[in-house]
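Me: I would like to go through this model in short steps. Can you take my questions one at a time?

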Amino acid sequence: MTPQVSEIKSHVKFGPSGSYVNLTQVDTTDNKTVQTIMRKQFPEYVQDNLTHDFYFAHRLDFATSGILCIPLNKNACKEVCQVFEEQRARKYYLALLRGHTDFDDEVIDIAIGEDIRFKDTSKKMCTILEDELCQNPRRSITKVLVLDRGYYNGKPVTKVLLRPITGRRHQLRLHCSQIGHVIVGDYTYSLKIDTSPPRMFLHAFRLVLPNSFENIDIQTDDPFTEKALKYKWKVVEQVNAIGTAFDLIDSF
């Protein structure tokens, strides 16, 4: 999708899955990252005084596609960071989950901490349900609204809208796996079992950033339609339409 630049000079990138944010996350400068893509496409916005060229106010997991807001000046960055820190940003994600859920809506309230087996890396987190492994757990809340139930490559799958209320590392991936419905293609939290899909089916779908410059409300196309997934995904039951889903997930 085409990147957009808003009037408050915040760049909103519709990113592919499988992209690191900056060069400190990879071993060599040959790797394609959001930083290198932005530097090539928007050289006029490169900040020479910054280590990573741009003001990165938030991140997406390597395997997550979708919206990434990159403020283009110091004042915009300060404002955006404050919105995220005060949990005033509204983030909505689309995901395909393994299995058919037995609920249509759910609030997951399970604290997340560092997995002591991966303490010095960002590879894996854990919840307090794994008490002996979980260090420094913090309260974590995710809202889940079912959109469709169907089949992906002949296996039961549920399409959901996710709204994280808190912002822990790997929160959506971990919460979905903890309720028994790992995200399709999530190699890490499927215990290295889910290897067949070409990507992890998690997408940053909509971002709402209220601020004093210009209220931002950006939404991408849906990458998980039957057509987009070349009809490997077949809907058999529509539970909630996307047109009403945002109001519904905000209401509980």
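Reply: Questions and answers on the predicted model follow.

Me: How many helices and strands are there in the protein chain?
Reply: The model is predicted. The protein chain holds both kinds of element: four helices and 13 strands.

Me: What share of the residues in the protein chain is buried?
Reply: The protein chain has 252 residues. Buried means under 20% relative accessible area. The share of buried residues is 52%.

Me: Which residue in S12 is the bridge partner of Leu207?
Reply: Strand S11 covers residues 202-209 and runs antiparallel to S12. Four bridges join S11 and S12. The two strands form a hairpin, with six residues between them. The partner of Leu207 in S12 is Ile218.

Me: Which side chains of S12 point to the buried face?
Reply: Side chains alternate along S12.

Me: Is Thr220 buried or exposed?
Reply: Thr220 lies in the loop between strand S12 (216-219) and strand S13 (233-238). The cut-off for buried is under 20% relative accessible area. Thr220 has 5% relative accessibility, so Thr220 counts as buried.

Me: Which side chain does the side chain of Thr220 join in a polar contact?
Reply: A polar contact needs N or O atoms within 3.5 Å. The contact from the Thr220 side chain is 2.7 Å. The side chain at the other end belongs to His203.

How values were computed. Residues numbered from 1 in each chain as written. Predicted model: local features only at pLDDT ≥ 70, side-chain atom pairs only at ≥ 80, totals over all residues. Heavy atoms only, no water. Buried < 20%, exposed > 50% of the residue type's maximum accessible area, 1.4 Å probe, protein only. Polar contact = N/O pair within 3.5 Å; in protein donor to acceptor, adjacent residues only side chain to side chain. Pairing = 2+ DSSP bridges.
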